[in-house]
Amino acid sequence: MSVLIKNGRIVTAAEDYIADLFIEEDKISAIGKNLPHKADKVIDATGKLVFPGGVDPHVHLEMPFMGTFSSDDYETGTRAALFGGTTTVIDFILQTQGDSLRNALKTWQKKSEGKAIGDYSYHMAVTDFNESVAKEVVEFIEEEGITSFKTFMAYKGALMIDDGQMVKLMKVVKEHGGLVTVHATNGDIIDGLIAKHLSEGKTAPLYHYLSQPEVTEAEASARFLDMLNYTGCTGYIVHMTCEGALNAVRLATRRNQKVFVETCPQYLLVDASVYEEDFEGAKWVMSPPIREKKDQAALWSGLQQNLVNVIGTDHCPFTWEQKLLGKDDFSKIPNGHPAIEHRMELIYSEGVDKGRISLNKFVEVNCTNPAKIFGMYPRKGTIAIGADADVVVFDPEKKHTISKDSHHMNADYSSYEGWEVTGKTETVLLRGNVAIEDGKCHLKPGSGQFIKRGKTSYTV
Ligand code: URP
Ligand code: ZN
Ligand code: ZN
């Protein structure tokens, strides 16, 4: 199969030009003006943007969490991702406390193999560190192509590790060239506030927000940065939401420290007033919670200043029935929201179209940086000869409205219901195969490949 994409505006993290793109089998094989190549399929991209398939490094598919499972599995989740122009996702394997990383890997392989439609990889969440886990960490880096290890500084009793375990993990990961990622919030302070609010009869979603004040994230981020600095390990803070945490990163730069930072569309676009509407606020119950307008401004500045490097989604969807588990107690509302599908369209519309970030920055934070940081570049995350032909043809003018009635995620509500966005994913190729065209998905479960990852290739 060969594909010729003609006359598109090709955008990478560094370039922006009009040209043709020729794809043979699964790779990009030529780029140039008026290419003479004959192809099995020709796509006219005149007036359209042509950029690399998105890489979403933060998704939770069929994840056991808070007494239930996130409602998208590998089939529905990766299909919805493709509809939005994301061709590769990185999901989180969760170690069960007391059990091995190997057993957790087997569980996740069963969830994904034969089901994924788009490409995928795994981060390994270490929830219980000990000497035998240390050996498995080395095997995962050297043999499995799983080079990033997720840690939680919250969710005590299920996922959280203490600082002693964190430092030991960092030492072994550093020695073998991997990366430690973190959910950086202070679990003990949060648990205390949850208990206080519940004892006062405060059970609405608003109290989820009030149980996780900014200081819980700022403190944990600073502590994580100190532990990275002490061990020399490379680190990545997931889903950063606030000015306080970003300022901890700013401060760390003064001792010449570099940490990778991810934020998510919801923290850039929405403010905490969403929690005022009684149980409707459950649509935005996630951890950390949505913050203030001043935090949105800080995060946009962080992107512009290269302090924030990646936009992921933290896609962790639940149906409304699942959200109702917390009808009488906010601490039982499953944390997370459906997001995998609209990352690129929301950030194009609110970021590029509204003049907050450039087109190159859009590609950098949605495609190139996650591929570089997580060891998939240049196979993924760019348009270049020899790269996987994961390509998005995007109509920058087309307006459309986000709704549960038209999205492809397995969730019966959309947090963004009724939002009008400018710019729409039109055609998506996954390794040279037409994945999305004419509003339909043309790939079957099992089309997605597991991507073995290498070491971070991001240089500043
Ligand atoms: O609320 C969230 N973010 N749910 C998913 C788990 C996590 O903390 O990332
Ligand atoms: Zn988290
Ligand atoms: Zn998450």
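## The zinc ion (ligand 2)

In this predicted model, the zinc ion (ligand 2) is coordinated by His183 through ND1 and by His239 through NE2, at 2.0 to 2.1 Å. His183 belongs to strand β12 (residues 179-183), whereas His239 sits in the loop between β13 (235-237) and α8 (243-253), so the two histidines tie together parts that are 56 residues apart in sequence. Both His183 and His239 are buried.

The arrangement around the zinc ion (ligand 2) is irregular, because its four donor atoms subtend angles of 57 to 152°, and a tetrahedral assignment would require all angles to lie between 85 and 135 degrees. The zinc ion (ligand 2) is 3.8 Å from the zinc ion (ligand 3).

## The zinc ion (ligand 3)

The zinc ion (ligand 3) is coordinated by His58 (NE2), His60 (NE2) and Asp314 (OD), at 2.0 to 2.1 Å. Here the angles among the four donor atoms run from 86 to 135°, and the site is tetrahedral. Along the sequence, the donor residues of the zinc ion (ligand 3) follow the spacing H-x1-H-x253-D.

His58 lies in strand β6 (residues 54-59) and Asp314 in the loop between β15 (310-311) and α11 (320-323), so this pair ties together parts that are 256 residues apart in sequence. His58 is buried, with a relative accessible area of 1%, and Asp314, at 9% relative accessibility, also counts as buried, since the term applies to values under 20%.

## Lys283 in its loop

Lys283 is placed in the loop between α9 (265-269) and α10 (293-304). Its relative accessibility is 18%, and Lys283 therefore counts as buried, the limit for that class being under 20%. When neighbours within four places in sequence are left aside, the contacts of Lys283 are with Trp320, His337, Tyr413 and Ser415.

## Packing of α7 against α8

Two packed helices are described by the angle between their axes and the distance between the axes. For helix α7 (residues 214-231) and α8, the axes come within 7 Å and cross at roughly 25°. The two helices are therefore roughly parallel to each other, as angles under 35 degrees are placed in that class. The crossing in which α7 passes α8 is right-handed.

On the α7 side, the residues that meet α8 are Glu214, Glu217, Ala218, Ser221, Ala222 and Leu225. Their partners in α8 are Glu243, Gly244, Ala245, Ala248, Val249 and Ala252. An α-helix has 3.6 residues a turn, so residues three or four places apart point the same way.

## Packing of α12 against α13

Helix α12 (residues 343-352) and helix α13 (residues 359-373) pack at an angle of about 150°, with their axes 11 Å apart. As with the previous pair, the handedness can be stated: α12 passes α13 in a right-handed crossing. The contact is made by Arg343, Met344, Ile347, Tyr348 and Val352 of α12, together with Leu359, Phe362, Asn366 and Cys367 of α13.

Helix α12 is largely enclosed by the rest of the structure, because 10 of its 10 residues are buried.

Ile10 is found in strand β1 (residues 2-11) and is buried, with a relative accessible area of 1%. Leaving aside neighbours within four places in sequence, Ile10 is in contact with Glu15, Asp16, Tyr17, Ala19, Asp20, Leu21, Ile31, Val50 and Ile383. Ile10 and Val391 are 381 residues apart in sequence, and their C-alpha atoms are 10.0 Å apart in space.

Tyr207 is found in helix α6 (residues 206-210). With neighbours within four places in sequence again left aside, Tyr207 is in contact with His197, Lys202 and Phe330. Tyr207 and Phe330 are 123 residues apart along the chain, and a distance of 6.8 Å separates their C-alpha atoms.

How values were computed
Residues are numbered from 1 along each chain as its sequence is written. Chains are lettered from A and ligands numbered from 1 in the order in which they are written. This is a predicted model: local features need pLDDT of at least 70, side-chain atom pairs count only at pLDDT 80 or more; totals for chains, interfaces and linings use all residues. Side-chain values use heavy atoms; hydrogens and water are left out. Helices (H or I, at least four residues) and strands (E, at least two) are DSSP runs, numbered from the N terminus. Buried means under 20% relative accessible area, exposed over 50%, partly exposed in between (1.4 Å probe, protein chains only). Contact means heavy atoms within 4.5 Å. Donors are N, O and S atoms within 2.8 Å of the metal (3.2 Å for Na, K and Ca); water is not among the atoms, so sites may look incomplete. Four donors count as tetrahedral if all angles lie between 85 and 135 degrees; four count as square planar and six as octahedral if opposite donors are over 155 degrees apart and all others between 65 and 115; anything else is irregular. Axes are lines fitted to C-alpha atoms, for helices over the stretch in contact, and angles run from 0 to 180 degrees between N-to-C directions. Angles under 35 degrees count as roughly parallel, over 145 as roughly antiparallel, 65 to 115 as roughly perpendicular and the rest as oblique. A crossing is left-handed if the near helix is turned anticlockwise from the far one by less than a right angle, and right-handed if clockwise.
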